[in-house]
2 protein chains.
Amino acid sequence: MTDTLQDQKKPYHHGDLKHALVEAGLDILETEGLPGLTLRSIAARVGVSHTAPKNHFGSLRGLHTAIAAEGFRRHAVFMRDGLDGTSDRPTRLRAAANGYVRFARKHPALFELMFSPLLCDPSDAALQTASQASFAVLEDIADGLIWDKGRGADAGTKTQVMLWSFVHGYAKLMLSGQLPCGPDGSLLFSVNQIIPGFAYAD
Amino acid sequence: MTDTLQDQKKPYHHGDLKHALVEAGLDILETEGLPGLTLRSIAARVGVSHTAPKNHFGSLRGLHTAIAAEGFRRHAVFMRDGLDGTSDRPTRLRAAANGYVRFARKHPALFELMFSPLLCDPSDAALQTASQASFAVLEDIADGLIWDKGRGADAGTKTQVMLWSFVHGYAKLMLSGQLPCGPDGSLLFSVNQIIPGFAYAD
DNA sequence: CCCTTAACTTTCCATTGTAAATATATTCGC
DNA sequence: GCGAATATATTTACAATGGAAAGTTAAGGG
């Protein structure tokens with residue numbers, strides 16, 4: 001509305017600080033990791049005072065939560081990546097699981113933040129939406145998988161829990177360096193080598 | 001050696017501060033959780049200055065690491081609990097897996113600390129020993145389990161990774177409240193209900 | 001045009017972990 | 001036993017952090 005004719009627009013005080021702060025936080029996570037993600041460093045990167053974020057996020061926890069929500073959105077993209085154009089279920093399963101782990105390996109600090117209830121607010125609506133959308137990808141993949149002979153009416157949900165738990169645990173243990181490694185330090189088994197143990201009904 | 005006849009012994013300055021600090025830390029984790037586990041609060045609980053721990057642990061990180069190591073020892077106890085006197089393998093599997101999850105539920109803050117490379121020092125020898133001893137319980141249980149038709153020479157290790165990942169992921173997702181719950185808030189599936197999907201060869 | 005409100009800054013403060021210097025008790029050489 | 005060396009713990013000081021409070025600037029609405 002108040003757009004002037006000049007391209008060099010500097011809207012109000014900053015523009016949309018809200019978005020810029022989340023971007024800055026994501027950048028910092030990549031370069032300095034979680035310890036570097038302080039209120040002051042995020043604000044400094046954007047060029048505002050360290051109390052500016054309060055107007056938009058309330059507290060550091062609120063900002064953390066917003067960054068984590070964006071993380072879950074990118075997490076879902078990673079999982080969906082490689083799914084397009086493939087209808088073969090085992091292939092889709094491997095692609096999704098691999099995307100889950102690939103994201104954790106590529107963005108370890110962000111992944112850590114996303115699953116830290118102490119840093120984020122699990123009751124935040126936006127975070128829950130993003131988180132559930134991410135898990136929904138795996139949920140879709142798990143449909144039709146066989147686990148525990150598929151007995152019982154809720155066998156499908158049980159299989160989902162099994163698949164989620166495994167992939168998440170694998171990613172977590174990998175990041176904390178507790179999975180068995182070969183002499184060169186590489187992992188003995190990729191998630192892709194273990195996933196085939198799951199079988200589909202058809 | 002320098003034991004006097006009186007029972008009211010106050011050895012040197014404190015006694016064994018090292019042990020007392022770890023105990024205090026474990027107590028604080030139970031009552032106040034991870035955020036309450038500060039250098040100053042731990043020291044205050046023991047009744048020493050907040051710089052006293054430095055002599056024994058170097059830094060807060062060192063103290064965190066020692067507390068986590070003790071956590072892994074108790075973790076192993078939880079898993080071994082219920083194993084004694086039972087030779088039935090599926091029963092032993094359920095008992096160990098349930099112990100893993102039961103510990104996480106009963107000591108969530110300690111469990112969180114144990115798997116936080118940012119708070120602990122993963123290269124610490126005592127921590128590694130305790131951690132490996134804990135995982136060795138599951139390793140033993142996993143022996144003979146079938147996964148992925150057992151093909152390949154390292155099928156056993158692959159099964160261990162699968163089992164570890166699943167149990168750990170289940171515990172983690174449970175603590176962050178991301179496992180599916182019923183209307184009353186209780187979990188839909190206990191780890192014991194999922195574990196039977198694993199089968200033994202014999 | 002003025003008044004209200006949102007966005008942001010400045011200033012201040014309590015809390016935290018750590019370093020340095022100091023004090024005190026234990027241990028060891030003799 | 002006795003003094004030096006060492007381990008143990010305290011005091012003091014400091015930089016960094018998140019947050020509260022008050023003030024400043026810009027936008028929007030009557």
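This is a predicted model: local features need pLDDT of at least 70, side-chain atom pairs count only at pLDDT 80 or more; totals for chains, interfaces and linings use all residues.
Residues are numbered from 1 along each chain as its sequence is written, and chains are lettered from A in the order in which they are written. Local features need pLDDT of at least 70, side-chain atom pairs count only at pLDDT 80 or more, totals for chains, interfaces and linings use all residues, and side-chain values use heavy atoms, without hydrogens and water.

Me: How many helices and strands are there in chain A?
Reply: Helices (H or I, at least four residues) and strands (E, at least two) are DSSP runs, numbered from the N terminus. Along the sequence, chain A reads α-α-α-α-α-α-α-β-α-α-β. The count is nine helices and two strands.

Me: What span does helix H5 of chain A reach from its first C-alpha to its last?
Reply: Helix H5 covers residues 89-106 of chain A, 18 residues.

Me: Is Cys120(A) buried or exposed?
Reply: Buried means under 20% relative accessible area, exposed over 50%, and partly exposed in between (1.4 Å probe, protein chains only). Cys120(A) has 2% relative accessibility, so this residue counts as buried.

Me: What share of contacts in chain A between residues at least 6 apart in sequence join residues at least 24 apart?
Reply: A contact means heavy atoms within 4.5 Å. Among chain A contacts between residues at least 6 apart, the share joining residues at least 24 apart is 68%.

Me: How many disulfides are there over all chains?
Reply: A disulfide is a pair of cysteine sulfur atoms within 2.5 Å. By this rule, the count over all chains is zero.

Note on methods:
The expected span of a helix is 1.5 Å times one less than its number of residues.
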